[in-house]
Amino acid sequence: MRTEHTPAALPGRDFYKLMSSVILPRPIAWVSTTSESGVDNLAPHSFFTISCTEPPIVQFTSVGRKDSLRNAEATGEFVVNLATEPLQDQVNATGTEYPPHLSEFDELGIEREASTTVRPPRVAASPVALECALHSTLRLGDSTVVFGRVQTVAVDESVVVDGLPEATLLRPMARLGRNEWSTLGEVRAVDRIPYRP
């Protein structure tokens, strides 16, 4: 037996909580931006994925008008840093709503690393950073989808095997429902089955 829910029956954040408890695991975009006045912002966004392969475009969603969105719109740049298991506490702490004039890097003692092609810094301890130029945004209700064209992917050599980042070395974190997080868990290699008429 199933219980059925509709947005009308579960208004506002109740339906959002339901959706975020079943659409999982969700990778985390740990987004660094720089405001027009030069303040570096760092925040996690758990609605994140690849949008396009050619050109390479990634997307994250800002629920409400967060600093990440405002800064990316104002400057046209942002960096997605990989949120990893060793950095979980720092990633979570950057979800605190600091006022725009304070930098999460400074408030939480997170080390910066200069980016190559954009102004916002990378997180020095994150093994992968995607430097992005703003492609476009799409407003959907109370949220805005931010699309970024990837300019540079910076990968720490310690997580590379046979020329590509290796999942168990990356140790990515994911968001689940409520206040739950997930680690990578079991990894299995399964080849696609080609069609043979």
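Is Asp162 buried or exposed? I looked up its relative accessibility, 79%, so Asp162 counts as exposed. Here buried means under 20% relative accessible area, exposed over 50%, and partly exposed in between, with a 1.4 Å probe and protein chains only.

I note the basis of the entries. The model is predicted: local features need pLDDT of at least 70, side-chain atom pairs count only at pLDDT 80 or more, and totals for chains, interfaces and linings use all residues. Residues are numbered from 1 along each chain as its sequence is written, and side-chain values use heavy atoms, with hydrogens and water left out.

Entry on phi. Most residues other than glycine have a negative phi, and most peptide bonds are trans. I found a positive phi for Asp162, near 55°. I placed Asp162 in the loop between β11 (160-161) and β12 (164-165); helices (H or I, at least four residues) and strands (E, at least two) are DSSP runs, numbered from the N terminus.

I then turned to Arg178, where phi is also positive, near 50°. Arg178 sits in the loop between β13 (174-175) and β14 (181-182).

Entry on peptide bonds. I found a cis bond joining Leu24 and Pro25, with omega about -5°. Pro25 belongs to the loop between α1 (13-22) and β1 (26-27). I also recorded the bond from Glu54 to Pro55 as cis, omega near 5°. I located Pro55 in the loop between β4 (48-52) and β5 (57-63).
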